[in-house]
Amino acid sequence: MVSSVGDLGRSSFSFIIRPNQSLSWRGLVLFYVGIVAFSMTIALAFYATGLWMVLPFSGLEMLALGAALYVCAWRGEMREVISIDEQHVAVEKGRRRPAERHEFQRGWAQVVLQGSRTSWYPTRLLIRSHGREVEVGAFLNEQERRGLARALAEALKPN
């Protein structure tokens, strides 16, 4: 999902890019607790009939599901902030605070939507200048990435 702060006609502008999340953290925990309760009820029923080996395997399955859901939720908190002012273009990536920062001179910065060699593989959106480049919006779908490329190109036009 791409949101913007500021007006394209002004000298300062920001894009905030983050993945789409279908569930909040609370919703994810409720979903997980419901699945665990359902699965453990079935496993305990099998245990009561004498099939005790179902219980540990069901527990391992729920641990694996919990780990997978946690990783998905953790990746869903990634943020990319592209700040454009009169002189610079800054790209900050991280979760709660910037873990990495890339800065380019606005006059030399280029927005490149690089296609792949195969038609089924997604494009890459790059901001580059002076032999350095940084990919932005890797988690966006193709339509959002193309829209962001157009908006970035428009924002980088000289005033």
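A residue is called buried under 20% relative accessible area, exposed over 50% and partly exposed in between (1.4 Å probe, protein chains only). The model described here is predicted, with local features requiring pLDDT of at least 70 and side-chain atom pairs counted only at pLDDT 80 or more, whereas totals for chains, interfaces and linings use all residues. Residues are numbered from 1 along each chain as its sequence is written, and side-chain values use heavy atoms, with hydrogens and water left out.

Helices (H or I, at least four residues) and strands (E, at least two) were taken as DSSP runs and numbered from the N terminus. Glu154 is placed in helix α3, which spans residues 142-156. Its relative accessibility is 40%, so Glu154 counts as partly exposed. Between Glu154 and Val111 the C-alpha to C-alpha distance is 9.8 Å, with 43 residues separating the two in sequence.

Grid points are joined across faces, edges and corners, and a volume is the space filled by probe spheres set on the points. The largest pocket holds about 230 Å³ of space. Its lining consists of 14 residues, and those nearest the centre are Gln21, Leu23, Leu28, Cys72 and Ala73. At least two lining residues come from each of α1 (25-48) and α2 (54-75), and α2 gives the largest share, four residues. Seven of the lining residues are nonpolar, five are polar and two are charged. In this classification Ala, Val, Leu, Ile, Met, Phe, Trp, Tyr, Cys and Pro are nonpolar, Asp, Glu, Lys and Arg are charged, and the others, Gly among them, are polar.

Salt bridges were assigned where a side-chain nitrogen of Lys or Arg lies within 4 Å of a carboxyl oxygen of Asp or Glu. Patches were built from residues with over 30% relative accessible area and no salt bridge, joining like charges within 9 Å and nonpolar side chains (Val, Leu, Ile, Met, Phe, Trp, Tyr) within 5 Å. Accessible areas come from the Shrake-Rupley method with a 1.4 Å probe, and for residues only the protein chains shown count as cover. Leu44, Tyr47, Trp52, Met53, Phe57, Leu60 and Leu63 make a nonpolar surface patch of about 810 Å². Helices α1 and α2 each supply at least two of the patch residues, the largest share being the three from α2. Leu63, located in helix α2, is exposed at a relative accessible area of 60%.

The structure holds ten salt bridges. One of them joins Lys93 and Glu80, with 3.9 Å between the closest N and O atoms. This pair links distant parts of the chain, Lys93 lying in strand β4 (residues 88-94) and Glu80 in strand β3 (residues 79-84), 13 residues apart. Lys93 is buried at 15% relative accessible area, and Glu80 is buried at 6%. Glu133 pairs with Arg128 in a salt bridge with a closest N and O separation of 2.9 Å; Glu133 is partly exposed at 41%, as is Arg128 at 25%. In helix α3, Glu142 and Arg146 are four residues apart, and therefore separated by about one helical turn. Their side chains meet in a salt bridge of 3.4 Å, N to O. A network of salt bridges links Glu77, Arg95 and Arg96.

Note on methods. 1 Å grid on protein atoms, 1.4 Å probe; cavity = no way out; pocket = protein on both sides within 12 Å on 5 of 7 lines; lining within 4 Å.
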